[in-house]
Amino acid sequence: MSQSGTNTPYSRSGRSTPLHLRDVVHDVIRHFRHEKDSEAHRIFRQSAGHKPKGALPQTVNPDEETVPGIEHPGSTGVIYCSDRAMANGFSYASSHEWANLGQGAPEVGQIPDAPPRPTSIPLPEDSLEYAPTTGVKALREAVADLYNHQYRQGKTSQYTYENVCIVPGGRAGLSRVAAVVGDVYCSYQIPDYTAYDQVLSAFKRLVPVPTALDAENKYKLNVEQIKKDIRTQGLEVILASNPRNPTGQVIEGEELKTLVDIAREASTTLILDEFYSWYMYPENNKEWGRSVSSAEYIDNVNQDPVVIVNGLTKNWRLPGWRVCWVLGPKNLITALSQSGSFLDGGANHPLQLAAIPLLDPERVMQEKIALQKHFKHKRDHVLKRLEDLGLKVEVPPVATFYIWLNLEHLPAPLNNGLTFFEELLKEKTIVIPGIFFDINPSHRRNLFHSPCHHFVRLSFGPPLEALDKGLDAIARVLKRAKREGGQAFGHNYKKSIDSNVHHMDQLV
């Protein structure tokens with residue numbers, strides 16, 4: 001039994017107990033029949049890279065293996081959902097006709113009291129050259145100075161440009177870090193950011209060790225459990241988002257300090273995805289502008305094994321720039337320069353230069369306060385409308401711009417994320433099914449057994465009018481369910497490609 005509560009015949013960590021092959025086969029066949037009964041689940045399984053692995057002998061799928069030796073890694077939730085939306089008529093040219101409550105990005109336009117948005121980018125001649133794989137020095141200095149100003153005032157150990165590596169996006173940063181990690185046990189939590197699944201699948205020297213978080217504990221990262229797991233399981237790397245995607249929770253203050261202390265004392269590398277560090281929603285008006293980072297609790301920036309990934313994508317609301325950074329000890333940055341030379345080649349040079357004035361501390365504080373007030377208003381609006389629809393959120397978000405919505409009380413088949421998602425596509429609305437946040441690198445788990453199966457993630461990142469459009473669509477689906485019952489749902493979904501709907505029957 002794995003920590004997430006599912007039977008796993010074999011695990012890369014070697015911790016699970018092997019089952020008799022006959023029992024494995026029977027178990028898989030039984031699971032397939034369960035998934036086979038759902039059209040939404042069949043569509044998901046037929047998508048390249050989403051077939052279950054590990055229990056039955058693998059066969060070559062000619063639709064996937066067009067080049068010998070190429071294997072589809074499976075798409076992240078946003079990509080899969082965008083593809084399914086396009087099958088239902090979505091296009092970026094007509095995106096205004098849709099409500100995208102699945103997007104993992106904030107609205108990018110002007111919001112009240114925020115600094116003006118960038119409208120032009122200088123192109124000096126030297127910016128037409130490649131930038132260093134660690135990034136432009138002036139931007140690295142600006143990042144270090146901002147963290148020192150926000151989180152390290154009065155501390156002896158200060159960040160310098162040598163502690164900063166500029167990367168072309170958060171996933172590029174995570175990939176660079178994963179590429180330089182040796183053969184280690186890596187702890188992660190469920191649910192968490194969907195791209196961790198692909199990172200843990202692609203970089204196989206990271207042996208995944210999962211821990212399931214639950215609503216009873218408000219999806220909080222259990223610091224004491226991590227301390228125990230380091231001692232009993234030999235964890236050498238901990239990977240987590242904080243604030244947390246998709247649940248909207250956060251650890252801060254003494255809890256975060258304890259986590260950093262544990263990493264230091266146990267010599268365990270702590271990799272924290274802090275992209276939502278500004279999206280904090282205080283009840284006390286005196287706390288507007290407060291943000292969270294493990295940088296506040298690091299003793300020595302060159303010795304403590306803490307790696308921070310962040311960037312302009314979420315906090316500065318500039319996802320299209322793909323300018324992000326990894327912050328950590330100097331020797332890590334040297335290694336990331338080397339991995340970046342063969343993984344991505346570095347971030348866009350002109351945009352790195354354009355980013356430098358955006359990191360001015362006074363401008364940042366104005367941006368943070370405006371962002372927090374605006375997104376708190378949107379959060380409260382969406383939560384109120386959901387409650388009016390009978391969809392009360394068990395654990396409301398205190399950070400990020402996501403809502404982790406439990407559908408269990410809805411009539412079947414609307415009570416699972418994939419079917420709920422497909423029905424909303426008919427209403428020109430996109431959400432993300434919860435299974436994409438079940439970080440399951442081996443892809444063995446039956447979808448119906450996933451702890452995230454009955455959830456969807458809603459984003460209140462888009463503008464308010466788009467949020468209302470999507471909530472109106474949810475209201476129509478629920479009204480139809482009340483009028484016609486569950487038999488009205490779960491069928492007649494448009495396919496991305498022409499495929500044989502009996503393919504799953506042939507497998508079993």
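Biologist: Where do we start?

Modeller: With two strands. β11 and β12 (residues 455–459) run antiparallel and are joined by two bridges. Keep in mind that this is a predicted model.

Biologist: Which strands make up the open sheet, and in what order?

Modeller: The order is β9-β12-β11, and the pairing is antiparallel. β9 and β11 (432–433) are the edge strands. Each has a single partner strand, so one side of each has no neighbour in the sheet.

Biologist: How many bridges join β9 to β12?

Modeller: Five, and these two strands run antiparallel.

Biologist: How do I read the side chains of a strand?

Modeller: In a regular strand, side chains alternate between the two faces of the sheet. Now take β9. Tyr-402, Trp-404 and Asn-406 point one way, while Ile-403 and Leu-405 point the other way.

Biologist: Is β9 mostly covered or mostly open, and how many of its residues are buried?

Modeller: Mostly covered, with five of its five residues buried.

Biologist: What lies over the face of Tyr-402?

Modeller: Arg-457, at 3.9 Å from the ring centre. There is another case to look at: Lys-137 lies over the face of Tyr-161, at 4.7 Å from the ring centre.

Biologist: Which residues do ring pairs link into a cluster with Tyr-402?

Modeller: Tyr-276, Tyr-279, Phe-375 and Phe-401. The structure holds 21 aromatic pairs. To read one, check the distance between ring centres and the angle between planes. For Phe-44 and Tyr-80, the centres are 5.4 Å apart and the planes stand at 75 degrees, so the pair is edge-to-face. Phe-44 is in helix α2 (residues 39–46) and Tyr-80 is in helix α3 (residues 77–87). They are 36 residues apart, so I read this as a link between distant parts of the chain. Both residues are buried.

Biologist: And how do the rings of Tyr-279 and Phe-401 sit?

Modeller: Their centres are 5.1 Å apart and their planes are at 70 degrees, so this pair is edge-to-face. It also links distant parts of the chain, 122 residues apart. Tyr-279 is in the loop between β6 and β7 (306–311). Phe-401 is in the loop between α11 (361–388) and β9 (402–406).

Biologist: Why does Tyr-279 count as buried?

Modeller: Its relative accessibility is 0%, and the cut-off for buried is under 20%. Phe-401 counts as buried too, at 0%.

Biologist: How do I read a core?

Modeller: In soluble globular proteins, nonpolar side chains tend to be buried together. Here the largest nonpolar core has 139 residues. Trp-316 and Leu-359 touch the most other members.

Biologist: What does Leu-359 touch, leaving out residues up to four places away in sequence?

Modeller: Leu-139, Ala-142, Val-143, Leu-146, Leu-312, Trp-316, Trp-325 and Val-364.

Biologist: How many residues of helix α6 (residues 195–202) are buried?

Modeller: Seven of its eight, so to speak a mostly covered helix. Among them are Tyr-196, Asp-197 and Leu-200. The cover includes α5 (170–179), β3 (184–190) and β4 (206–212). It also includes β5 (237–241) and β6 (269–273).

Biologist: How many disulfides are there?

Modeller: A disulfide is a covalent bond between the sulfur atoms of two cysteines. This structure holds zero. Cys-165 counts as buried at 0% relative accessibility. Cys-452 is buried as well, with a relative accessible area of 1%.

Terms used: Residues are numbered from 1 along each chain as its sequence is written. This is a predicted model: local features need pLDDT of at least 70, side-chain atom pairs count only at pLDDT 80 or more; totals for chains, interfaces and linings use all residues. Side-chain values use heavy atoms; hydrogens and water are left out. A nonpolar core is a set of buried Ala, Val, Leu, Ile, Met, Phe, Trp, Tyr and Cys residues joined through side-chain atoms within 4.5 Å. Buried means under 20% relative accessible area, exposed over 50%, partly exposed in between (1.4 Å probe, protein chains only). Contact means heavy atoms within 4.5 Å. Helices (H or I, at least four residues) and strands (E, at least two) are DSSP runs, numbered from the N terminus. Rings of Phe, Tyr and Trp (its six-membered ring) pair if their centres lie within 6.5 Å; planes under 30 degrees apart count as stacked, over 60 as edge-to-face and the rest as tilted. A charge sits over a ring if NZ of Lys or CZ of Arg is within 6 Å of the ring centre and within 35 degrees of the ring normal. A disulfide is a pair of cysteine sulfur atoms within 2.5 Å. Two strands pair if DSSP finds at least two bridges between them.
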